[in-house]
Amino acid sequence: MTEQQTADSYNFAYLDEQTKRMIRRALLKAVAIPGYQVPFAGREMPMPYGWGTGGVQVTAAVIGPEDTLKVIDQGSDDTTNAVSIRNFFAKTAGVPTTDKTAEATLIQTRHRIPEKDLREDQILVYQVPIPEPLRFLEPRETETRKMHALEEYGLMHVKLYEDIARHGHIATTYAYPVLVNDRYVMDPSPIPKFDNPKMNDMAALQLFGAGREKRIYALPPYTKVKSLDFEDHPFVIQKWDDICGMCGADNTFLDEVILDDVGSRMFVCSDSDHCNERQAAGHRGPQNGDASYTPEAAE
Amino acid sequence: MSMNREILLRVENLTQMYGDRIGCKDVNFDLWPGEVLGIVGESGSGKSTLLNCISAQLQPTSGSVSYNTRADGLKDIYHMIEPERRLLMRTDWAFVHQNPRDGLRMNVSAGANVGERLMAVGDRHYGNIRNTAEDWLSRVEIQDNRLDDLPSTFSGGMQQRLQIARNLVTGPRLVFMDEPTGGLDVSVQAKLLDLLRSLVRNLGLSVIIVTHDLAVARLLSHRLMVMQRGHVVESGLTDQVLDDPQHPYTQLLVSSILQT
């Protein structure tokens, strides 16, 4: 971290105070009505739509000088999006940043929820591309709003039905729709459905920001979040035949990494912090010095 | 009063104005369970305006539409709260559009189209939904191996039959049809009419059907209303109206059909 000095010409955390108040009002409403999409006057941010402008605005509105920020992109702390957003707040807010889930008070994420359980004193901010779960089948905003208002959610199951009819199982693997607090159907942003169960009854506050669509929604701590399913096709999370090649974990979300052009591959934890922590604690996977594994033996 | 309880739908002094122009004016009728009412007239005569007003899609300027709900008896549909009205529209009522593309979801399979209404009323068992959809496809003479195909791969006649299946799956009591056989060639029309007639009879449906085709009206409807420039100019039993038309416009309409 070389850019710890604050850029004096910016207001704290880039946004002006009136904008932050506006976003905080939207956040309060969102927390009061879990899963309900609150419109807000999204601002232009110094990054393109689709790179997390919604999440950045929410983070800017809730971050304080005493916060420690962690930014995740695809589970990793060192990918482009994560690095640039972390630098952005290091520069404009001067807050300390970290890779460690346990040390962060504020975590902005894209695509993943950390494997480690979050605590009550932490806030998780999601970047959301399309906040409307019904959009797939109903393009009219007036109509989807009415459907939310009247709890007409049959259409959501039409999508799941179509999945089963085409693939034999519910093939939606990310942005898997959930029912919040037995009331609103919500798009949990493009996290893998592997992470859906973690949203249920989570101790941390979860905030969702969609910059292009200008919507904010939230899950207060310990909110009931249920993934939609059919009685005869219950919700299941992804499973892997392999374990993490680096730390040997068998209960995490794994990324497949192609090693060469003759079909070698390995699986590794998508949550890089979690994986590093396990390795530091002495856990070893098959591609990382675990004696029980050699490529020859595997063939 | 005992007869009142049996009336399914009562329309009183229904008027729809578009500014100074008349959509339809002072329409009155009762519809009875199991009855098929045809509304005929040339295009622009107010048939579709009337149908939209009756089917809760267009709030009339004045007058009332009352429906005999299962729970509370006759009730003005425009005085219901919106959730109640929408529930009525997707359970007890059905609407068959002239163009099946208006009534179908073109980007999901035939099975999902039929199943949508079931899921909308809370059915959450995939196997049951699928079996019901399969059953309904066979009832409208669509082969069950087309269950997972998109409606866009269907012919026009099949699309129309799919739309009918999708509408009838929740066992509605009242079906609105807007030119259900328009845009279909004559042989397909005949088959569809045959199918409609047997479905209506077997399920005891009440139907309000709008058409400009007197042959369709004669085949399907028990009673006929003839409209001209927004007014009902003549109404009565179908055979009576068509065989012995009283109003000059009806006479013109009947005589304009090619005799075979």
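**A walk through two chains**

We begin at A:R110, a residue that is partly exposed, with a relative accessible area of 23%. Here buried stands for under 20% relative accessible area, exposed for over 50%, and partly exposed for anything in between, using a 1.4 Å probe and protein chains only. The model is predicted, so local features need pLDDT of at least 70 and side-chain atom pairs count only at pLDDT 80 or more, while totals for chains, interfaces and linings use all residues. Residues are numbered from 1 along each chain as its sequence is written, chains are lettered from A and ligands numbered from 1 in the order in which they are written, and side-chain values use heavy atoms, with hydrogens and water left out.

Which side chain meets that of A:R110 in a salt bridge? The partner is A:D73, at 2.7 Å from N to O. This pair links distant parts of the chain, since A:R110 belongs to strand β3 of chain A and A:D73 to strand β2 (residues 69-73) of chain A, 37 residues apart. A salt bridge here is a side-chain nitrogen of Lys or Arg within 4 Å of a carboxyl oxygen of Asp or Glu. Strands are DSSP runs of E with at least two residues, helices are runs of H or I with at least four, and both are numbered from the N terminus. A:D73 counts as buried, at 5% relative accessibility. In general, side chains of opposite charge can pair when their charged atoms come close.

Another salt bridge in chain A joins the side chains of A:K70 and A:D77, at 3.0 Å from N to O. Are these two residues buried or exposed? A:K70 is buried, with a relative accessible area of 1%, and A:D77 is buried too, at 4%.

Strand β3 (residues 106-110) of chain A also holds A:T109, which is buried at 1% relative accessibility. A polar atom of the A:T109 side chain lies 2.4 Å from the backbone oxygen of A:R112. Leaving aside residues up to four places away in sequence, A:T109 touches A:I72, A:L124, A:V125, A:Y126 and A:Q127; contact means heavy atoms within 4.5 Å.

Now let us turn to chain B. Its secondary structure comes to 10 helices and 10 strands. With a radius of gyration of 18 Å, close to the 18 Å that the globule rule gives for 260 residues, chain B is as compact as a globular protein of that length. That radius is taken over C-alpha atoms, and the rule is 2.2 Å times the number of residues to the power 0.38. Of the 260 residues of chain B, 53% count as buried.

Helix α4 (residues 110-120) has 10 of its 11 residues buried, so it is largely enclosed by the rest of the structure. Among the buried residues of α4(B) are B:N113, B:E116 and B:R117. What do they pack against? The neighbours are α5 (154-167) of chain A together with α2 (82-91), β6 (93-96), α5 (126-139) and α6 (156-168) of chain B. Just after α4(B), B:G122 takes a positive phi of about 105°.

That brings us to the interface. There, 22 residues of chain A are in contact with 21 residues of chain B. The two chains bury about 2000 Å² between them, 57% of it on carbon and sulfur atoms. A:E152, A:V158 and A:Y161 supply 28% of the area that chain A buries against chain B, more than any other three residues. Buried area is the accessible area (1.4 Å probe) that two parts lose on being put together, summed over both.

How many salt bridges does the rule find across this interface? There are 4, and the side chains of B:R90 and A:E152 meet in a salt bridge at 2.9 Å, N to O. The elements that give two or more residues to the side of chain A that touches chain B are α4 (141-149) and α5 of chain A. The largest share of that side, 9 residues, comes from α5(A).

Over all chains, a search of the whole structure finds 36 salt bridges.

Conventions
Polar contact = N/O pair within 3.5 Å; in protein donor to acceptor, adjacent residues only side chain to side chain.
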